[in-house]
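Dear colleague,

I am handing over the structure below, and after it you will find an account of what was found. Please look at the structure first and then read on.

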Amino acid sequence: MKRTILSLTAAAAALAAVTGVAALAAPGDGAAAAAAPASGTRLPVQRSTLVCPAPSSSEVADTTYTAFAPPGAAAGADTKKGTAQLQPAGTVADSHGNAAGKGGKDAKDGKGKGGAADAGGTQIVPPPDTKPVVPLQQAGKPVIATTDSADAPALTGSADGVLAPGWTVQQTTGIAAGSGRGLQGLTCTAPDTQFWFPGVSTAAGRNDYVHLTNPDSVPAVVDLEMRGKDGPLTDSGGGEDITVPPRTTVPVLLSTLTSSSADGAALHVTARSGRIGAAVQAADAKTGGDWLPPAADPSPGAVLPGIPADATDVQLVAVAPGDADVDLKVQLATPTGLITPAGLDSLHVKSGMATTVDLKDVTKGEAGSLVLTPSDDGSTAPIAAALRVIRGKGDNQEMAFIPATRPLEARGTVADNRAKASTLTLVAPEKGKDAKVKVTASAGSDGGTPVSKTYTVKGGTSLAVQPPQPTGLKGSYALTVEPQPGSGPVYAARMLALPQGGLPAFTIQSLPDDRGSVLVPTAGQDLSLLTR
């Protein structure tokens, strides 16, 4: 694509300069990550928006939605009770990677799957119903909803008042058979204007769809660009000018964007107007399927937490989106310290290209986390990265993804934890900077009393634990992780394992900071910042 696009890195830097609410730092620069402006007031957000993609078209899929908001209004919070709920969205009929409705087999001549065309001729299939989903009435207790419909739609919605800070929704789908079978999980995402997805594939046997969902009342226009080991993969004109109508989702099969078969590619999603939520659903004939969430914004380094102890194959995909090549030091944070995987002293990633490394069974029976830092301490060239992780062998293999994630600064939350089915990973990537966090298990969705426990993670190590669970647990519960005063940098992820017979079905969600509060300058506060 020839047009000039403002990067999120630049936008974040500009926002930091004006408001002090953003900071960019690589692992190893914890002081920069934790630095705050000299003056300002931290206030809770007043409104949060989330997007959940359509879960599955399989006739043998069961999906659970779990909504949760952490309790305890912070100083300055909106004291009104608040509302939080999701609404079903429409679907553009099979756009095949072209501008929405202009080339899909079900969208020709305005003849789709029973839907109506909008003013621009785009064929939109309405949701099967418009009832609100997982309406949340109070903070501190999860609310769940389930569906087994193959037509379950994408969802969009918002929270305000005391429910806005930290509002989270988990989407968990079990698929009994077929391509993509296993457990697919996703923390519903906040809308934005730019996303990176290292780890996508157009290889034989793999079907990757990117779901683009517009939560707003105005259309969004989106460009998709793929990069592989030799540079751009997207065919000329493919993936450009995709219109996403208001409160509608557009699924795009990535193999329609390129004539090349590529494993371990990177997808760049850019909204040129409006904003969207984006997530990639990957399905493989041999290793099942899961959601690939967006990676953390490109930065000089990355932390990828939560590689299971029994991982049988791990693949790293890194992309250098800037103008400079990147040389990285690759280390595995283990329970006892940082080690270098055999034969991987350094990793070279060429500018504008994606690099894939097979780490095999890198954890060797001990859960760990991958830490990427610049080989040259002064390098600021950015990268984005993700891992594909496989558990099991032979016909009983299951895959999940771990994208690079943001550090926890104030709080992070993950919903839909089940009794003895969750593993929480905490990693303190910097030697000499121990992390101390409080982990709180909420009340259960059907009963139970919250429980908290404090963990200390030695700097340069990764700690995997079975987290606390509510006393008298009934139903599922949420986990909230809060760094304590004086803590070093810390990152977190949760693995949910729900075996299906001999299949080790699992999914992994990272816990980035929930950005439930923003730092507003003391003089001339701009309260428009209090939305996300």
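Leaving aside the neighbours within four places in sequence, Ile-508 is in contact (heavy atoms within 4.5 Å) with Asp-290, Gly-306, Pro-308, Ala-400, Phe-401, Ile-402, Ala-493, Arg-494 and Met-495. Please keep in mind that this is a predicted model, in which local features need pLDDT of at least 70 and side-chain atom pairs count only at pLDDT 80 or more, while totals for chains, interfaces and linings use all residues. Residues are numbered from 1 along each chain as its sequence is written, and side-chain values use heavy atoms, with hydrogens and water left out.

Ile-508 lies in strand β40, which covers residues 506-510; strands (E, at least two residues) are DSSP runs, numbered from the N terminus. With a relative accessible area of 5%, Ile-508 is buried, a word that here means under 20% relative accessible area with a 1.4 Å probe and protein chains only. From Ile-508 to Leu-424 the distance is 9.7 Å, C-alpha to C-alpha, although the two are 84 residues apart in sequence.

Strand β40 belongs to an open sheet of 4 strands in the order β36-β32-β39-β40, with antiparallel pairing, where two strands pair if DSSP finds at least two bridges between them. Because β36 (461-465) and β40 stand at the edges, each with a single partner strand, one side of each is left without a neighbour in the sheet. On average, neighbouring strands of this sheet are turned by 20° against each other, direction ignored, the axes being lines fitted to C-alpha atoms and the angles running from 0 to 180 degrees between N-to-C directions. Strand β32 (residues 422-428) runs antiparallel to β36 and is joined to β36 by 5 bridges, and Leu-424 stands opposite Val-465 in β36.

Another open sheet of 4 strands has the order β27-β23-β29-β30, again with antiparallel pairing. Here β27 (354-360) and β30 (398-403) are the edge strands, each with a single partner, so one side of each has no neighbour in the sheet. Between β23 (residues 311-319) and β27, which run antiparallel, there are 6 bridges, and the bridge partner of Val-314 in β27 is Lys-360.

Finally, a search of the whole structure finds 1 disulfide, that is, a pair of cysteine sulfur atoms within 2.5 Å. Cys-52 and Cys-188 form this link, with their sulfur atoms 2.0 Å apart. The pair links distant parts of the chain, 136 residues apart, with Cys-52 in strand β2 (residues 47-52) and Cys-188 in the loop between β12 (182-187) and β13 (194-200). Both cysteines, Cys-52 and Cys-188, are buried.

Notes
Buried means under 20% relative accessible area, exposed over 50%, partly exposed in between (1.4 Å probe, protein chains only).
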